[in-house]
Structures are given as structure tokens and as C-alpha cells.
Amino acid sequence: MSTIASDIYANLGGQAASSSKKKEESLGQADFLRLMTEQLQHQDPLNPMQNSEFLGQLAQFSTVQGIQGLQASMDGYTNSLATDQMLRGAALVGRNVLVPSAKMSLGAENGVKGVVAAPDSGTVTFEVTDANGQRVRQFTVQADKAGEVSFEWDGKNDAGERLPAGTYGVTATHGTGESKKSLSTYVESRVQSVTVGSDGVFLDLPGLGTAPLDYVLRIS
């Protein structure tokens, strides 16, 4: 709470005195020109400043000015990008997203949906495991061709009993025998909240943890 109050205070101008002091301590264009004028007035007549030295100082000043201008532009761009990320993230709260995950979060009702990318037509076998790694359900989905294959687990075990809400593991394989191949699973989950940090936007997915915005394959 104190941090928020401090930020608000700063935004309202509570740090004006400190900012003014910093501004006074830094050299501006007028200060630089005044120093150069004083330097020219008090130079040794027997050893005057060379034109190359004078031009070198002007060049250094121009370079510093350019760097300061570039830094100000980059700061503005960074702030604008952070605001844009916050707005993008806020728009996802309450939406369903499809992310790569080897876990599924089962609620008190309904099941869990997801997809895999089949390398070819054939049978895709799914195995669901509990928190102890024990298999609780196995089911298959037929892939008609290579590409995306949707699946849905109804939240029941092999005996047809509804399992308690919680986090379950999921694996998928394509084919059988020597041609059997493991597939990556993509699971659908609802976005509970969004965190914007220095590394970007992260989505809080119940039961799955956090996932970077870049991991989202689909929004629904």
C-alpha cells in the first residue's frame, strides 16, 4: 500500500523539489556555451586554443545531445510498449487460451479440451495420470490426416467415475509399435489474471501455473 501511495504522490508532483534539484545539477546547452565563452575569454594569449580543439568540443556536445535525445525517445517507446502490453493482457482475463502443457486442470464440472498435431493419419492415444503419476484414464482419437487433432477428457476414469477436481497429467502418442511417436499436448485453460513484468506478459492459468503470452496458440 505504501508503494502505491508513493507512486501516486510522485505522479501528482510530490517529487517536484527533487526533480528540480536534479535538473539544476545537470548541464544544459546554455551552460555548455557559457563555459566555452569563459574558456575563450580566459585562454592564454601565448597559447590560444586551436580551432581543432574548439570544433572537437562542439562535436562532443552534439554527440551528447544526440544520445540524450535517443535515450528520451527509447524511454518513451518503452513506456508506450508497457502500456500496450498491459492492455493486451487485461483483455485476456476471463478468456480461454490454448497453451502447450503436459498438465490439465479439471474443475468441479465439465471436462478439459485440447489439441495435438498428428504427423499423419492414424490413432492418437491419450493417457491421463493423477498427482502420483498413476494412470486413471486412457482414450483414443482418430486422426484422418496430418494436422491438428482435437481431444476432450470428460473428467472420468476408466471405470466411468467422476474424478475430483485438481491437476492431472496428460501424454499423447501417435501410432503403435515401432512407429509409435510422442506428441506435444496443447491444453485449453481460462485466464485468471495477468502479470506484466520486465520479461513481458504472463498469464495466470489455474492449475497450470503461469505461461508467457508468446505461448498462446489460440484465444477463444
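Guide: Buried means under 20% relative accessible area, exposed over 50%, and partly exposed in between, with a 1.4 Å probe and protein chains only. This is a predicted model, where local features need pLDDT of at least 70, side-chain atom pairs count only at pLDDT 80 or more, and totals for chains, interfaces and linings use all residues. Residues are numbered from 1 along each chain as its sequence is written, and side-chain values use heavy atoms, with hydrogens and water left out.

Visitor: Is Phe 139 buried or exposed?

Guide: Phe 139 lies in strand S5, residues 135–143; strands (E, at least two residues) are DSSP runs, numbered from the N terminus. With a relative accessible area of 12%, Phe 139 counts as buried.

Visitor: How far apart in space are Phe 139 and Trp 153, C-alpha to C-alpha?

Guide: Phe 139 touches Trp 153, with Phe 151 and Glu 152 also among its contacts; contact means heavy atoms within 4.5 Å. In sequence, Phe 139 and Trp 153 are 14 residues apart, while C-alpha to C-alpha the spacing is 8.5 Å.

Visitor: Which strands stand at the edges of the open sheet of five strands?

Guide: The strand order is S6-S3-S9-S1-S13, with antiparallel pairing; two strands pair if DSSP finds at least two bridges between them. Each edge strand has a single partner, so one side of each is left without a neighbour in the sheet: these are S6 (147–153) and S13 (218–219).

Visitor: Which residue in S9 is the bridge partner of Val 99?

Guide: S1 (residues 96–100) pairs antiparallel with S9 over five bridges. Gly 114 stands opposite a residue of S9, Val 187. The bridge partner of Val 99 in S9 is Val 187.

Definitions and conventions. Helix = DSSP H or I, 4+ residues; strand = E, 2+ residues; numbered from the N terminus. Lists of a residue's contacts leave out its neighbours within four places in sequence.
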